[in-house]
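Me: I have a model open and want to learn how to read its features. Where do we start?

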Amino acid sequence: MRRWLRVLLGVVLGACTALVELVFVLSAGLALTGVLILPRLRPRVASLSFAGAQALTELERRRLAKYLDSSHAGRPDGARALRYLAVRCAAGLLGGIVLFLIVYGAVGVPVELRDLWVSTNPLEGRTAIEKFWLTVYLVVFCSVLGFLALTGLAGVAVMDRALGGRFLEPDRAEQLRQRVEQLSTTRSDVVAAIHEERRRIERDLHDGVQQRLVALGMLIGRARRAGDGDRAAGLLRQAHEESQEILRDFRDVAWRVYPAALDAGGLQPALAALVERAGMPVELQYDVAQRPAVEVEAVAYFVVSEAVTNAAKHSGAGIVTVRVDREAGWLVVRVDDDGAGGASVRGAGLSGLARRVAALDGKFTVDSPVGGPTIIIAELPCG
């Protein structure tokens, strides 16, 4: 019922704006035709007409989004906006006529029934049987007309949405231009993400593995110079322990570059291993029957890895929930934590994830108000 009321209000507003649009279209048409006499005025008149058309089109776009559940992100140029108004005002006036018929029937039928049953004019006297069948006729006939009018109302709403999709969405050339811009931006983002990832790996190797290798070399050198066998054995034991730490560091760096578990068993075992090494409570919910493509799995893994790492290091979260689902051709990865919040998609780690997701034409959102919780969602196309 609430949805029908919204549609009704949308059609009512559309009928009202159609009157304004009709006046505007006629005025703009006369003005543009009139400047044929004075061609030097054409650019100015055309600019004003197109600006007015775009303003009215923006009102229609908002009406469609709010009342008819038809969102359109396009901003048509002036000429296209004027053509849209010329067509849409006809649909709006049709909606006004349907609304008038509904109101007329809702008011007129009760009046007719009242006059039929309470008439005091002796010339219009009818028997009770005649009044009964006339009442049945009016109720049935008006019910059918009411149903047709409501159907017409729904048809006007559908027509309104269709016109919005036809004129308010980018045309083929505009779509191609936007796609080229998107691919250019994505390519730049991918290059930046690769550069940032290389710098991070270099930093991990330099600050972690390299320092441990230096310490290992010093321990082995001290063991070689030690004259006491027991002291040399102790130094070698320390060197052996240090070598184990270096192997763990190498393994961590390799996992951050590309986890081998993705090739071995897919995303689920890789995430399970990540959860085990998280160092904090992480709840994993994985509901994907068919394995996605390898590149999709890799991006999904890094989204979870970075989100869990941020929660463990910065948010002070008590628990992290990871959900991976497949919905209508999209792999949806959602990571929730109950930490302090304040995460931003412009941060170094999350901005890199946003670039990775954008490279696959995916969607990446971060909702992290101060005080928490933090919700990170990545939607990746997986066919």
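Me: Take the sheet. What is the order of the strands in the open sheet?
Reply: Two strands count as paired if DSSP finds at least two bridges between them. Here 5 strands form an open sheet in the order S1-S2-S3-S5-S4, with mixed pairing. Helices (H or I, at least four residues) and strands (E, at least two) are DSSP runs, numbered from the N terminus.

Me: Which strands stand at the edges?
Reply: S1 (282-287) and S4 do, each with a single partner strand, so one side of each has no neighbour in the sheet. From one strand to the next, the twist averages 10 degrees.

Me: What kind of file is this, and how is it numbered?
Reply: It is a predicted model: local features need pLDDT of at least 70, side-chain atom pairs count only at pLDDT 80 or more, and totals for chains, interfaces and linings use all residues. Residues are numbered from 1 along each chain as its sequence is written, and side-chain values use heavy atoms, with hydrogens and water left out.

Me: In which sense do S4 and S5 pair?
Reply: First the general idea. In a regular strand the side chains alternate between the two faces of the sheet. Now the case. S4 (residues 363-367) and S5 (residues 374-381) pair in the antiparallel sense over 5 bridges. Threonine 365 stands opposite isoleucine 377 in S5. Lysine 363 stands opposite glutamate 379 in S5.

Me: How many residues lie between S4 and S5 in the hairpin?
Reply: There are 6 residues between them, and glycine 371 in the turn has a positive phi of about 100 degrees.

Me: Which residues other than glycine have a positive phi?
Reply: Most residues other than glycine have a negative phi, and most peptide bonds are trans. Aspartate 69 has a positive phi near 50 degrees. Aspartate 69 lies in the loop between H2 and H3. At 45% relative accessibility, aspartate 69 is partly exposed. Buried means under 20% relative accessible area, exposed over 50%, partly exposed in between (1.4 Å probe, protein chains only). Aspartate 361 also has a positive phi, near 60 degrees. Its place is the loop between helix H10 (348-359) and S4. Aspartate 361 is partly exposed at 30%.

Me: Is serine 70 buried or exposed?
Reply: Serine 70 is buried, with a relative accessible area of 7%. It sits in the loop between H2 and H3 (78-118). Contact means heavy atoms within 4.5 Å. Not counting residues up to four places away in sequence, serine 70 touches Leu64, Ala65 and Arg161.

Me: How do I read two packed helices?
Reply: Two packed helices are described by the angle between their axes and the distance between the axes. H8 (residues 267-276) and H9 (residues 294-315) pack at about 15 degrees, with axes 10 Å apart. Axes are lines fitted to C-alpha atoms, for helices over the stretch in contact, and angles run from 0 to 180 degrees between N-to-C directions. H8 and H9 are therefore roughly parallel. The cut-offs: under 35 degrees is roughly parallel, over 145 roughly antiparallel, 65 to 115 roughly perpendicular and the rest oblique.

Me: Which residues make the contact?
Reply: From H8 come Leu267, Ala270, Leu271 and Leu274; from H9 come Glu297, Ala300, Tyr301, Val304 and Ser305.

Me: Which helix lengths can I check against an expected span?
Reply: The expected span is 1.5 Å times one less than the number of residues. H4 (residues 128-167) has 40 residues and reaches 57 Å from first C-alpha to last, close to the expected 58 Å.

Me: Which residues of H4 are buried?
Reply: Among them are Lys131, Thr135, Asp160 and Phe167. The buried residues of H2 include Glu58, Glu60, Arg61 and Arg63.

Me: What does glutamate 21 touch?
Reply: Glutamate 21 lies in H1 (residues 2-34). At 1% relative accessibility, glutamate 21 is buried. It touches Leu56, Glu60, Leu85, Arg88 and Cys89, not counting residues up to four places away in sequence.

Me: And the whole chain: how many helices and strands?
Reply: The chain has 10 helices and 5 strands. Of its 383 residues, 34% count as buried.
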